[in-house]
Amino acid sequence: MTDHAAGRPMPRVRSFSAVRFVLLVAVGALILASVTQVGPSPDRLVSGLPRMGNLILRMSPPNLDPDFLVRVFWKLIETFQIAIAGTFIGIVLSVPISWLAARGITPVPAIAFLFKMIVSLFRTVPDLVWALLFVSSVGLGAVAGTMTIIVDTIGFCGRFFAEAMEDAEKEPQQALEAIGASRFSILLAAVLPAALPSMINTGLFSLEKAVRSSVVLGLVGAGGIGQELKVAFDLFQYRNAATIIITIFIVVVVMEYATDRLRARL
C-alpha cells in the first residue's frame, strides 16, 4: 500500500496521538475494572449452578390447577389493559409534543428544546423508577402501571415521531407555506401524511415494548401479572412462578409475532 500523493508506502498500523492513547488506556482500564469487580467469576458460577438446578427442580412441574390458571388469566387481561391503555394515551399525547419539538416544523421554535428535554427525560428514566414514583403518588395497582406506560410511550414515540416529521418531504410543505397556510394546516395536509407510515411502525413497536414493560411493573406494585409473580417468589411458591414465567414467555412471543405480521402488511 502506498501514499499516491507522496509516493511513500503507507503504514499498516495507524499512529495514535498521545491523547487518543490515554483515552484508549482509560477505557480499557474501565472495562477491565468493571468485569473484575461486578462480572460473574468462575467460582461464583460453579457454586451457583447447583442452586440454580435445585430451583428449577422446585419449579417443576408448573402449577396447572384450574383455579390458579383462571387467576393468571385475569391478571394477564389486566396486563394487556395496562399496555393498551397506556400505549393509546401515550401515542395520542406524543403527536402534539412531537410537533412542538420537531425542528423546522414546530410553531414555537424558540421553546422547542423544552419539549425535546421533556421527551428525553421521559425516555431516559427507567420504567421501574417511574412505576415507583406513581405507586407512591396514586397508590398500588393498575393505574400506576398505566401512567408508567403513558410516560414511557411519550419518551419512545415522542423522539421517533419528531424525527419522522423532520424527515417528511419539504416540497409539499413549502408549497402550502407559499399560499399562506398556517403551521397547523401544513401539519395536517403535508407532514402527517408523509410521516404516518413511520409513525404507525413506531406505534406498533411501542405496543410491543409496553406489553413487555407491563409484565414487570407488577414487581413494584403497579398491577398486572408481575404482581402475581412477585407474590409467588415471596411465598416460595415456585411452581406457581414457573407457570407465570411460561405464560409471560408465550404472551411476549405471540405479541412479537402479531406486531411483526402487522408491520409486514403495512
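Helices (H or I, at least four residues) and strands (E, at least two) are taken here as DSSP runs, numbered from the N terminus. One of them is helix 7, which covers residues 170–178 and holds Gln173. The model is a predicted one, so local features need pLDDT of at least 70 and side-chain atom pairs count only at pLDDT 80 or more, while totals for chains, interfaces and linings use all residues. Residues are numbered from 1 along each chain as its sequence is written, and side-chain values use heavy atoms, with hydrogens and water left out.

Back to Gln173. With a relative accessible area of 7%, Gln173 is buried; "buried" stands for under 20% relative accessible area, "exposed" for over 50%, and "partly exposed" for what lies in between (1.4 Å probe, protein chains only). Contact, or touching, means heavy atoms within 4.5 Å. Leaving out residues up to four places away in sequence, Gln173 touches Ile105, Ala168, Ile186, Ala190 and Val191.

Next come the nonpolar cores, each a set of buried Ala, Val, Leu, Ile, Met, Phe, Trp, Tyr and Cys residues joined through side-chain atoms within 4.5 Å. The largest has 34 residues, and Ala222, Ile225, Ile244 and Ile248 are the ones with the most contacts inside it. Two or more residues of this core come from each of helix 3 (66–101), helix 4 (112–124), helix 5 (127–138), helix 6 (142–166), helix 8 (183–217), helix 9 (225–234) and helix 10 (238–265). Helix 10 gives the most, with eight residues. Apart from this core lies another, of 17 residues, including Ala102, Phe156, Phe161 and Ile186. As for Ile225, its contacts beyond neighbours within four places in sequence are Val72, Lys75, Leu76, Thr79, Val215, Ile244 and Ile248.

Ile246 has its place in helix 10, and it counts as partly exposed because its relative accessibility is 41%. Together with Phe249, Ile250, Val253 and Val254, Ile246 forms a nonpolar patch on the surface, with about 470 Å² of accessible area in total. Patches are made of residues with over 30% relative accessible area and no salt bridge; like charges are joined within 9 Å and nonpolar side chains (Val, Leu, Ile, Met, Phe, Trp, Tyr) within 5 Å. The areas themselves come from the Shrake-Rupley method with a 1.4 Å probe, and for residues only the protein chains shown count as cover.

Then there are the charged pairs. A salt bridge here is a side-chain nitrogen of Lys or Arg within 4 Å of a carboxyl oxygen of Asp or Glu, and by this rule the count comes to nine. One of them joins Lys75 and Glu78, with the closest N and O atoms 3.7 Å apart. Lys75 and Glu78 are separated by about one helical turn, because they sit three residues apart in helix 3. Lys75 is partly exposed at a relative accessible area of 21%, and Glu78 is partly exposed at 22%.

Another salt bridge pairs Lys116 with Glu166, the closest N and O atoms being 3.6 Å apart. This pair links distant parts of the chain, with Lys116 in helix 4 and Glu166 in helix 6, 50 residues apart. Lys116 is partly exposed, with a relative accessible area of 36%, whereas Glu166 counts as buried at 13%. Arg103 joins in too: Arg103, Lys116 and Glu166 are linked in a network of salt bridges.

Glu256 forms a salt bridge with Arg212, and their closest N and O atoms are 3.2 Å apart. Glu256 belongs to helix 10 and Arg212 to helix 8, so the pair ties together parts that are 44 residues apart in sequence. Glu256 is partly exposed with a relative accessible area of 29%, and Arg212 is partly exposed with 37%.

Finally, the database record. UniProt positions are given in the numbering used here, with shortened feature names, and annotations may be inferred rather than shown by experiment. An unreviewed UniProt entry places the feature "transmembrane region" at residues 21–39, 72–93, 100–122, 128–154, 175–196 and 238–258. In the model, residues 21–39 are 95% helix and 0% strand, with end C-alpha atoms 26 Å apart. Residues 128–154 come out at 89% helix and 0% strand, and their end C-alpha atoms lie 16 Å apart. For "domain: ABC transmembrane type-1", the unreviewed UniProt entry lists residues 76–259. That stretch is 83% helix and 0% strand, and its end C-alpha atoms are 18 Å apart.
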